[in-house]
Amino acid sequence: MRMRDLAGVAAAGIGLAAVPFFGLPAFYESFLYLVFHWIVLAVSWNILSGYSGYFSFGHGAFFGAGMYTTATLATKAGVPFLWTLPAAALVAAVFGVALGAVVFRLPRLRGELFALLTLAVTFVLATVVLNTPIDGGPGLYLSAVPLPAIGPSPSSTFYLLGLALALTTLWIAREIQRSRLGTGLFAIHDDEDVAEVLGVPTYRYKLAAFGLSCGLAGIAGGIQAMFISYVTVGETFSIAVPLNVVLMSVLGGSRHWFGPAVGAAAVTALLYAFTAGDYAVAGRAAVGLILILVILFLPEGIFGELIGALKRRRASVTPAVDASDLPAPSAAGPGKPENRPLLEARGLSKAFRGVQALAGVDLEVRRGEILGLVGPNGSGKSTLINVVSGHFRPDSGRILFEGSDLAALEAHCIARSGIARTYQIPRPFAHLSVLENVALPAMFGRDAQARPDAEREARRWLAFTGLAGKAMSLPGELNLHQRKFLELARALASRPNLLLLDEVFSGLTHAEIDDAIRLIREIRARGATIVFVEHVIRAVMELTDRVVVLSYGRVIAEGDPRAVMREPDVVTAYLGKPRA
C-alpha cells in the first residue's frame with residue numbers, strides 16, 4: 001500500500017510539474033507557487049503544533065531565519081541560490097532544536113506559555129537581525145542573484161520549486177502521522193504525562209518534530225526570499241505569517257496530514273479573490289468569520305470532519321480474537337509467590353510543598369504475588385505508585401527493579417523495563433480510538449512491537465477485558481466501567497513484569513466489581529506480579545497474598561491480609577482513636 005501511495009504521489013507530481021510547459025501565464029504560475037508556499041508553511045507548522053498540541057506562534061521566526069540565511073549567503077557570500085536552501089533549512093532547524101532543548105525540559109512551559117514564548121522569540125530574532133550587519137536596516141536585495149533555469153521561465157521555476165517542496169512536506173507529514181513518531185505525538189497532544197509513563201520518549205519526539213517543522217519552514221523562507229527579491233525585517237518577521245498558518249491548519253483540520261493543505265489552498269484563494277476585487281479588508285474579515293464558524297461548528301476542520309464522517313460510515317469489522325491465546329504478562333509461570341524480590345523500595349521519600357507524602361518507605365514486592373497496598377486517604381498509596389512508575393521523581397531513596405535502580409530514570413525508560421500501571425481516575429487518550437489506546441503501550445513498552453503486531457496484541461487484550469466491540473470507539477463513548485477496563489487492557493498490552501493497579505474498583509457496582517475480580521484472578525493465573533492499591537476491602541481480602549498498610553507516608557504494618565487488618569495500629573489509622 002505504501003508503494004502504491006508513493007506511486008500515486010509521484011504521478012500527481014509529474015502531472016503538476018508538466019503544467020508550466022503548456023504555456024500557462026506567469027500570473028497563474030506565481031499564484032500557484034504562493035499556494036504551494038503556504039501549504040508548506042501550514043503543514044510544517046502542523047507537524048509540531050497540530051500533532052503534539054504544542055501551539056506555536058513562532059513559525060515566522062524560523063521562516064525568517066531561512067529567508068535571511070538565503071539572502072545573506074546569496075548576496076554577501078556569493079553562494080548559488082540552490083545551495084543556500086540546505087543552509088536555510090539547517091539554520092532554522094538548529095535554531096528550533098536549540099530552543100526546544102531548553103523549553104521542552106521545563107514542564108511549566110506548556111499550553112499558553114509555550115505559545116507566548118515562541119511569539120516573543122520572533123520579535124527577539126527580528127531585533128537581533130535588524131541591529132546587526134545581517135540586515136542593518138535597509139534590507140537585502142536579491143535582484144542581482146542569478147535564478148537557475150529549472151523551468152522555461154522564472155515564474156515556472158518558482159512554481160516547480162514550490163511544488164517539489166509542497167509534495168515533499170506533505171509526504172513527510174503523512175509518513176510521520178502513520179509512524180511510531182506520529183502515534184507518540186498524538187498521545188502527547190492528549191496527555192503528555194501519561195504518554196511518558198506508557199513508554200513514549202516525549203522529550204525526544206517533541207524535539208524531532210520541532211526540528212523537522214523548523215527546517216521545512218526554513219527552506220520555504222529561502223525560496224520566498226528569492227521570489228520577492230527584497231527582504232526586510234518588518235515584512236519577514238510579521239505576525240501575519242504565524243496567524244495565517246494557524247488559521248489554515250485549523251480551517252483544514254490539524255489532526256490529519258492533508259488538512260492544513262486544504263486550509264492553505266482555501267485561504268490563499270479566498271484572500272486573492274477579495275484582493276483582486278479591491279476588497280482586501282473584507283477578505284480578511286471573511287476569513288476570520290469562516291475561522292470562527294469552523295471552530296464553533298467544525299472543530300476538527302473541514303477535511304477532518306470529512307474523514308470523521310467517512311470513518312463513521314464504515315462498518316467496524318473486528319477480527320475474531322481468542323482471548324485464551326493471550327501471552328502471559330510476565331515471564332513467571334502461575335503458582336505460589338516466590339521469595340525472590342522483583343521490586344524493592346528503600347527509604348523512598350517524596351514531599352509536595354512541605355507535605356510529606358512518602359517518608360522513608362521500605363517495600364518489597366515478590367515475584368508472582370499480588371501485594372495489596374492499603375491505607376486511609378492521603379496515606380501515600382497513589383504517590384508510591386506514581387513514584388515507582390516514574391510519574392514523579394523521588395526526593396530520596398532507591399527503587400530496585402530486577403536489580404536495577406529506577407529512581408533516576410525517565411518514566412519512558414521505566415515503562416520499557418517492564419512496569420505498567422493504571423490510573424485511579426481513567427486517563428485515556430481522548431482523540432485516539434480504544435484500539436489505538438491499547439496498541440500504544442504495545443508499540444512503546446518492553447517489546448516495542450511494530451504497529452500491525454501491536455494492534456493484534458491490543459485486540460487480544462480488548463477481547464480479554466470484554467471491549468472487543470468497542471475497538472473503534474472513542475474513550476468518551478465508554479462508561480466508567482468500560483474506561484476502567486480500558487485502563488487495564490492498556491496496561492496489560494505492554495506485557496509488563498510488574499502491574500501496578502491504582503483503585504481499579506472505585507466507582508464500580510457490585511456486579512462490575514465481581515467482573516474485575518474475575519479478570520484479575522485470570523491475570524494472576526497467567527503468572528503476573530501485581531501491586532494492588534484499593535479501598536474495597538472485599539477485593540483486597542479475596543485477591544491479595546500480602547498487604548502493606550501506609551499511614552502518613554509510612555509503612556505501619558504488613559503481612560497476611562486478615563491478620564494485618566485486625567492490628568490496632570491499622571484499625572486506628574482507618575477509624576481513628578476512640579475517645580471517652
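1. A quick definition to get going: helices here are DSSP runs of H or I with at least four residues, numbered from the N terminus. With that in hand, you can find His-412 in helix H15. Keep in mind as you read on that this is a predicted model.

2. Let's stay with His-412 for a moment. Is this residue buried or exposed? Its relative accessible area is 12%, so His-412 counts as buried, because the cut-off for that word is under 20%. What does His-412 touch, once you leave aside its neighbours within four places in sequence? The contacts are Glu-196, Gly-199, Val-200, Pro-201 and Arg-204.

3. Helix H15, which covers 411-416, turns up again in the second largest pocket. Helix H15, helix H7 (180-197) and helix H8 (202-228) each put at least two residues into the lining of that pocket. The space in there comes to about 820 Å³.

4. Who lines that pocket? There are 23 lining residues, and the ones nearest the centre are Pro-107, Arg-110, Asp-193, His-391 and Glu-410. Sorted by class, the lining has eleven charged residues, eight nonpolar and four polar.

5. Now for the cavities. How many of 30 Å³ or more does the structure hold? It holds six. The largest cavity has about 60 Å³ of space. Its lining includes Val-197, Leu-198, Ala-415, Pro-441, Gly-445 and Ser-494.

6. Which elements give two or more residues to the lining of the largest cavity? They are strand E8 (419-421) and helix H18 (480-492). Strand E8 gives the most, with three residues. Look for Ile-419, Ala-420 and Arg-421 among the lining residues, along with Arg-490 and Ala-491. By class, the lining of the largest cavity is made up of seven nonpolar, two polar and two charged residues.

7. The second largest cavity has about 50 Å³ of space. Here you'll find Lys-484, Phe-485, Leu-488, Val-504, Ala-516 and Ile-520 around the space. Helix H18 and helix H19 (510-525) are the elements that give two or more residues to this lining, and helix H18 has the largest share, three residues. What classes do the lining residues of the second largest cavity fall into? Five are nonpolar and one is charged, with no polar residue.

8. After that, pick out helix H18, which gives residues to the lining of the largest cavity and to that of the second largest cavity.

Key
Residues numbered from 1 in each chain as written. Predicted model: local features only at pLDDT ≥ 70, side-chain atom pairs only at ≥ 80, totals over all residues. Heavy atoms only, no water. 1 Å grid on protein atoms, 1.4 Å probe; cavity = no way out; pocket = protein on both sides within 12 Å on 5 of 7 lines; lining within 4 Å. Points joined across faces, edges and corners; volume = space filled by probe spheres on them. Nonpolar A, V, L, I, M, F, W, Y, C, P; charged D, E, K, R; others polar. Buried < 20%, exposed > 50% of the residue type's maximum accessible area, 1.4 Å probe, protein only. Contact = heavy atoms within 4.5 Å.
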